Amino acid sequence: MSKRTLCILFIAVLLTACGEKEVTSLKLWYDKPAKEWVEALPLGNGRLGAMVYGGMNDELIQLNDGSLWSGGPRKDNVNPEAHKYLQPLREALFKADYQKANELCRKMQGYFSESYLPLGDLIIHQEIDTTKIEAYYRDLSLNQAVATTRFKVDGVEYTRELFISSPDSAMVVRFTADKPEVLNLTFGLHSVLRHAVTASGNDQLVMRGKVPARVDPSYYNPEFRDPVSNEDADGCDGTRFQTNLKVLSADGNVTTTDSELHIKNASEVVLLLTAATSFNGFDKCPDSEGKNETQIADRRLAEAASKDYATLKKNHIVDHTALFDRVSIDLGKSNPDRELLPSDKRLKAHTEGAEDPELEALYFQYGRYLLIACSRPGGTPANLQGIWNKELRAPWSSNFTININTEMNYWPAEVTNLSELHEPLLNWIGDLSKSGAKTAKEYYNARGWVAHHNSDIWGLSNAVGDIGNGDPVWANWYMGGHWLCQHLWEHYSFTGDKEYLAEKAYPVMKEAAMFCFDWLVEKDGYLVTAPSTSPENLFVANGKNHAVTVASTMDMSIIWDLFTNLIEASEVLQIDEDFRNQLADMKSRLYPLKIGSRGQLQEWDKDFVEQDPHHRHVSHLFGLHPGRQISLLNEDSRFAEACRKTLEIRGDEGTGWSKGWKINFWARLLDGDHAYTMIRDIMRFVDASGTSSVGGGTYPNFFDAHPPFQIDGNFGATAGIAEMLLQSHLGEIHLLPAHPKVWQKGGVKGLRARGGFEVDIDWNEGQLERAAIQSLNGNPCTIRTTIPVSISSAKNIQEQQQDGYYLYTFPTESGKTYKLTAKK
């Protein structure tokens, strides 16, 4: 037995003897309770979310429901004069009068988005002697989605276990002690929203409430009105909610007062919590046309209460692991003493330079865990904070920001084998297209549909700003819906579901293209967008900063992407030949990519200098990622080299999500070492106060720090790590395309590739060792590697060498696995 093996066994025995954590690579664990929200641990089932603080005598579990937003359906005719300003705006742009264009853009705005709101708090008080607490421990198991808190008081060990079940639509909390009749607990419910709490019998509390009719963004504080309005004179806006808290089992004395639940002298207690809202769809008044939230919450409670704790937990774990266990990853082995560190201290050590590939693998899996917890079929899409928010006026309203953030949330969905979790976004895009059709007509007198940079559960699609109060640098960007259409195509690309493509994706994509047909105008022989912005960035012209111009590179790249995807979709479905030809013609006349005087990819139509050369957005690189217009593997790689120069000018610094995007950029540039540098950067420890000298990073609970918290960085980084190991956007399976030197030995199992393939990869000494490709749809397969391989079971293999790569193309059979082995 080796010294290393003996050391690991010794540590495991030591931890068990001390009552501490078991050695595992799939847990976040801590040696003290959370004081701040970004230290608490997240649970969720795609509808109900919770943040668990792990307090001892006083515990707080902050609650959310994914459908609890202020406001109601989109209002018509908010700005009926808007379309009249479009032609004067274009005339100003063609005269390079950028200031006039900015002023006119402000006249074409509508309402701000509504806000995602907190449901409330479950407050727990446990009677213990706080002077005698010892052996404190709390954790979150990623592979089981169970949060545990454990501590000792006067020799008695107390344990709490929490999970939120998707199959049983309930949060389950279990309290135990290893000595009988020592649990004395008080429970209450509270909310920052209007609410009332009442007792129902001697073992249940019910909280009922209603959200405001309007909540303005935290950055918008007009003097003429209160930023929060509770009432809607029309009786439409304002979603109702109900939360039920019930004792499932307890061996002690259970009583209730008007607003509290008490348990005395128990040895074990199990609680159930269910919630529901009156939200009834994006186009239904949540008050007058809402669902019966009482009936839904009560039904969920009754169904969960018919099962015992063991059954509820089993159902939950079976459901969660069916998703989570699809992908496993090994980036190398860490020093065994790394796992002896609480996760926040381990993250700090990593920030200070410690090599810890198992922590990096944990970080990858945490992104997958978070998507499972906040996005489930039948629920709402993940917003800026996933499903977790404690603020009445959250940063940026915790809304759907569709100029990067919402899209980034779903980058891991397909490639990390969580395809069905994409469904809430895909369905919402369909809703957005309906409200976007009204916006296209009302604001621009155009066909098709459009959405701008902000949206909400109600499908808001206009440029926000309350007509004049939104800065066009962020408000007046017109390609949000068109970018979202990429997700519709990507879902088909990975799954091959032609029925979905024909019935859901293609019609929405086509209508987005119809808007482009009316939106694009001819200038100097090319089709351009006018007005146009590059999200949230300014250019300098004539010594002044401006936002609005024509043909920003991001606009043109998104339209190129949409047209390309639609052409391929119409070929797959064998429909719309005339429309396809029209797309091809217009695509050929789009304003082209340009390389600037510094060797960079131009961000705007002219070679303007950026107001902020290190801006967090790198929108003009859309064609590199998530698009497929630019690649080093293209015959013309000049634009890929220009992207590299752009990233060098921009620098590695940025917000958390910006660093997440840069992992993907560098992976697409096949530079694994630089992509890994960005992983180290996004994993830089940021303390709970949000202070950091390096911008974005990672909070103690591993939430992404913008700062403040935005979940997109978590998802972008997880997708980026997958992109380093597997790429398929160019119609081939590229194995280890951006593998960093530091990950010398490891493997990944269960990733998905476009075309309908599931991929396992193992590497050693930085080189591909073996791989397995399972064909799910029977499509032809092309594999790209840097070394020669043999392929078992494949027939009629076409092999070629190309610029240092080996390419293998062969037909496949559905359900069959093809094994690759590196040739010696």
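Throughout this tour, a residue is buried when its relative accessible area is under 20%, exposed when it is over 50%, and partly exposed in between, using a 1.4 Å probe and protein chains only. The model is predicted: local features need pLDDT of at least 70 and side-chain atom pairs count only at pLDDT 80 or more, while totals for chains, interfaces and linings use all residues. Numbering runs from 1 along each chain as its sequence is written, and side-chain values use heavy atoms, with hydrogens and water left out.

**Stop: the disulfide**

Select Cys236 and Cys285. Their sulfur atoms lie 2.1 Å apart and form a disulfide (cysteine sulfur atoms within 2.5 Å). A disulfide is a covalent bond between the sulfur atoms of two cysteines. The structure holds one such link. Look along the S-S bond: the angle is -95°, which makes the link of Cys236 and Cys285 left-handed. Now show the elements around this pair. Cys236 sits in the loop between strand S14 (228-229) and strand S15 (240-250). Cys285 sits in the loop between strand S18 (268-277) and helix H4 (293-305). The two cysteines are 49 residues apart, and they link distant parts of the chain. Helices (H or I, at least four residues) and strands (E, at least two) are DSSP runs, numbered from the N terminus.

Are Cys236 and Cys285 buried or exposed? Both are buried. Move on to Cys485, which is in no disulfide. The nearest cysteine sulfur belongs to Cys516, 8.7 Å away. Cys485 is buried as well, at 1% relative accessibility. Cys374 is another buried cysteine, with a relative accessible area of 1%.

**Stop: a three-stranded sheet**

Strands of a sheet pair through backbone hydrogen bonds, either parallel or antiparallel. Here two strands count as paired if DSSP finds at least two bridges between them. Select S24, S25 and S26. They form an open, antiparallel sheet in the order S25-S24-S26. Strand S25 (544-546) and strand S26 (609-610) are the edges, each pairing on one side only. Zoom in on S24, residues 539-541. S24 meets S26 over two bridges, in the antiparallel sense. Phe539 faces Glu610 of S26.

**Stop: strand S37**

Select residues 805-810. Five of the six residues of this strand are buried, so S37 is largely enclosed by the rest of the structure. Thr782 has Thr809 of S37 as its bridge partner. Find Gln800 opposite Leu807. S36 and S37 make a hairpin with two residues between them. Click on Asp803 in the turn: its phi is positive, about 50°.

**Stop: the nonpolar cores**

A nonpolar core here is a set of buried Ala, Val, Leu, Ile, Met, Phe, Trp, Tyr and Cys residues joined through side-chain atoms within 4.5 Å. How many residues does the largest one have? The count is 239. Select the members with the most contacts inside it: Met171, Trp388, Tyr444, Phe563, Ile733 and Leu735. Helix H13 (residues 498-519) contributes the largest share, 13 residues. Then centre on Tyr444 and show its contacts (heavy atoms within 4.5 Å). Leaving aside residues up to four places away in sequence, Tyr444 touches His83, Leu86, Met108, Thr439, Val450, His452, Tyr478, Phe515 and Trp519. Another core, of ten residues, lies apart; Val146, Ala170, Val172 and Leu312 are among them.

**Stop: the salt bridges**

A salt bridge requires a side-chain nitrogen of Lys or Arg within 4 Å of a carboxyl oxygen of Asp or Glu. By this rule there are 56. Select Asp31 and Lys345, whose side chains meet at 3.3 Å, N to O. Asp31 lies in the loop between strand S1 (27-30) and strand S2 (41-44), and Lys345 in helix H6 (residues 343-351), so the pair ties together parts 314 residues apart in sequence. Both ends are partly exposed: Asp31 at 31%, Lys345 at 38%.

Turn to Lys132 and Asp154, joined at 3.7 Å, N to O. Lys132 is in the loop between strand S5 (120-126) and strand S6 (133-141), and Asp154 in the loop between strand S7 (146-153) and strand S8 (156-165). Lys132 is partly exposed at 39%, whereas Asp154 is exposed at 56%.

Finish at Lys333 and Asp330, a salt bridge of 3.9 Å, N to O. Lys333 is exposed at 58%; Asp330 is partly exposed at 26%. Then select Asp31, Lys32, Asp344 and Lys345 together: salt bridges that share partners join them into one network.
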